[in-house]
Amino acid sequence: MLDYTNFGELGEIIKSNWDDFADIFTDIQAVERILKNLNTLRAAIAHCTPLAEDEELRLHLSLRDWFRQQGG
């Protein structure tokens, strides 16, 4: 069922189960911010709409932040 989870729901799952995720992510507020940024870009990506140059940069930065959160 996790495959059908949107970014907002995923953030709530992580936040509600932080004890299970604390070893994976370093900062819950950062995770929420990153998921919010990714959710903003999701619509264009899901509908195969080309991203503007600044949106493409935002996507790369958000993904880099996501992986940084996992690296601790």
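F25 and W66 form a tilted aromatic pair, with 5.0 Å centre to centre and 55° between the planes. Rings of Phe, Tyr and Trp (its six-membered ring) are paired if their centres lie within 6.5 Å; planes under 30 degrees apart are classed as stacked, over 60 as edge-to-face and the rest as tilted. F25 sits in the loop between α2 (18-21) and α3, whereas W66 belongs to helix α4, so the pair ties together parts that are 41 residues apart in sequence. W66, like F25, is buried.

A search of the whole structure finds two aromatic pairs. F21 and F25 form a stacked pair, at 6.2 Å centre to centre and with 25° between the planes. F21 is partly exposed, its relative accessible area being 22%.

## Basis of the model

The model is predicted: local features require pLDDT of at least 70 and side-chain atom pairs count only at pLDDT 80 or more, while totals for chains, interfaces and linings use all residues. Residues are numbered from 1 along each chain as its sequence is written, and side-chain values use heavy atoms, with hydrogens and water left out.

## Packing of α3 and α4

The axes of helix α3 (residues 28-46) and helix α4 (residues 53-71) come within 10 Å and cross at roughly 145°. Axes here are lines fitted to C-alpha atoms, for helices over the stretch in contact, and angles run from 0 to 180 degrees between N-to-C directions. The crossing of α3 and α4 is left-handed, meaning that the near helix is turned anticlockwise from the far one by less than a right angle (right-handed if clockwise).

On the α3 side, the contact is made by A30, V31, R33, I34, L35, N37, L38, L41 and I45; α4 contributes E55, R58, L59, S62, L63, D65, W66 and Q69. These residues divide into 10 nonpolar, three polar and four charged, where Ala, Val, Leu, Ile, Met, Phe, Trp, Tyr, Cys and Pro count as nonpolar, Asp, Glu, Lys and Arg as charged, and the others, Gly among them, as polar.

S62 lies in helix α4 and is buried, with a relative accessible area of 2%. Leaving aside neighbours within four places in sequence, S62 is in contact (heavy atoms within 4.5 Å) with I34, N37 and L38. A52, by comparison, lies in the loop between α3 and α4 and is partly exposed, at 35% relative accessible area.

## The chain as a whole

The secondary structure comprises four helices and zero strands, following the pattern α-α-α-α along the sequence. Helices (H or I, at least four residues) and strands (E, at least two) are DSSP runs, numbered from the N terminus. Along its principal axes the C-alpha trace spans about 40 × 25 × 15 Å.

Of the 72 residues, 21% count as buried. Among contacts with a separation of 6 or more, 54% involve residues 24 or more positions apart. The chain exposes about 5,400 Å², of which carbon and sulfur atoms supply 53%; accessible areas come from the Shrake-Rupley method with a 1.4 Å probe, and for residues only the protein chains shown count as cover.

Technical notes:
Buried < 20%, exposed > 50% of the residue type's maximum accessible area, 1.4 Å probe, protein only.
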